[in-house]
Amino acid sequence: MNILKFDFSSHGDDRGQLIALEGKRDIPFDIKRVYYIYNTAKGVRRGYHAHKRLEQILICVSGSCKILLDNGFETEEVLLDDPTVGLYISNNMWREMYDFSSDAVLLVLASELYDEKDYIREYQEFIKFIRG
Ligand code: T46
């Protein structure tokens, strides 16, 4: 599977690091929504859905977690453990997030406002949607 990751440049000095992300410059879409996942209990696995339209960038800004990507034909596991790296997730991609470290903060930049109708939450429905 073709995994698209973005390497963000960090403005570092003796005070520490700062990363700024601008829609359509540092990432390929306008940012309409930001959310973050934190305080994830040990052993939790979440996600289990795909989106019909939504595109997102996932950045583990603290700690680490793993992402399973499934395009309906192939799967790939991606480790996110670096705040300078963003994982692009296109529409029509099943995702699961797991192995969160206790300090993990998963920041998500989204191309659309929240819309429950955009979710495909049943795996078999996803496979039908992809394969026609
Ligand atoms: C995704 C992965 C990476 C809202 O009210 N607004 C929002 O913008 C979001 C994202 C969620 N919610 C509500 C809906 C649920 O009642 O927050 C609750 C938890 O959402 P969900 O169970 O969908 O969380 P995850 O971790 O399974 O999935 C989330 C995103 O929903 C999803 O788009 O790609 O993170």
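**Close-up 1. The cysteine pair Cys65 and Cys60.** The sulfur of Cys65 lies 4.1 Å from the closest cysteine sulfur, that of Cys60, which is too far for a bond, given that a disulfide is a pair of cysteine sulfur atoms within 2.5 Å. The structure accordingly holds zero disulfides, and Cys60 is in none. Cys65 counts as buried at 0% relative accessibility, and Cys60 is likewise buried, with a relative accessible area of 1%; buried here means under 20% relative accessible area, as computed with a 1.4 Å probe and protein chains only. The model is predicted, with local features requiring pLDDT of at least 70 and side-chain atom pairs counting only at pLDDT 80 or more, while totals for chains, interfaces and linings use all residues. Residues are numbered from 1 along each chain as its sequence is written, and side-chain values use heavy atoms, with hydrogens and water left out.

**Close-up 2. Polar side chains at the ligand.** A polar side-chain atom of Arg46 lies 2.6 Å from an oxygen atom of the ligand, and an N or O atom in the side chain of His51 is 2.7 Å from a ligand oxygen. For Tyr119, the distance from a side-chain N or O atom to an oxygen atom of the ligand is 2.5 Å. The ligand has 640 Å² of accessible area on its own, of which the protein covers 68% (Shrake-Rupley method, 1.4 Å probe).

**Close-up 3. The shell around the ligand.** The ligand is surrounded by 13 residues, the closest being Arg33, Arg46, His51, Gln56 and Tyr119; a residue is included if one of its heavy atoms lies within 4 Å of the ligand. The shell divides into five nonpolar, four polar and four charged residues, where Asp, Glu, Lys and Arg count as charged, Ala, Val, Leu, Ile, Met, Phe, Trp, Tyr, Cys and Pro as nonpolar, and the others, Gly among them, as polar. Strand E3 gives the most to this shell, with four residues.

**Close-up 4. The open sheet and the pairing of E3 with E10.** Five strands, in the order E6-E5-E8-E3-E10, form an open sheet with antiparallel pairing; strands are DSSP runs of at least two residues, numbered from the N terminus, and two of them pair if DSSP finds at least two bridges between them. Strand E6 (75–80) and strand E10 (119–120) stand at the edges with a single partner strand each, so one side of each is left without a neighbour in the sheet. E3 and E10 run antiparallel and are joined by two bridges, and His51 stands opposite Tyr119 in E10.

Definitions and conventions. Polar contact = N/O pair within 3.5 Å; in protein donor to acceptor, adjacent residues only side chain to side chain. Buried < 20%, exposed > 50% of the residue type's maximum accessible area, 1.4 Å probe, protein only.
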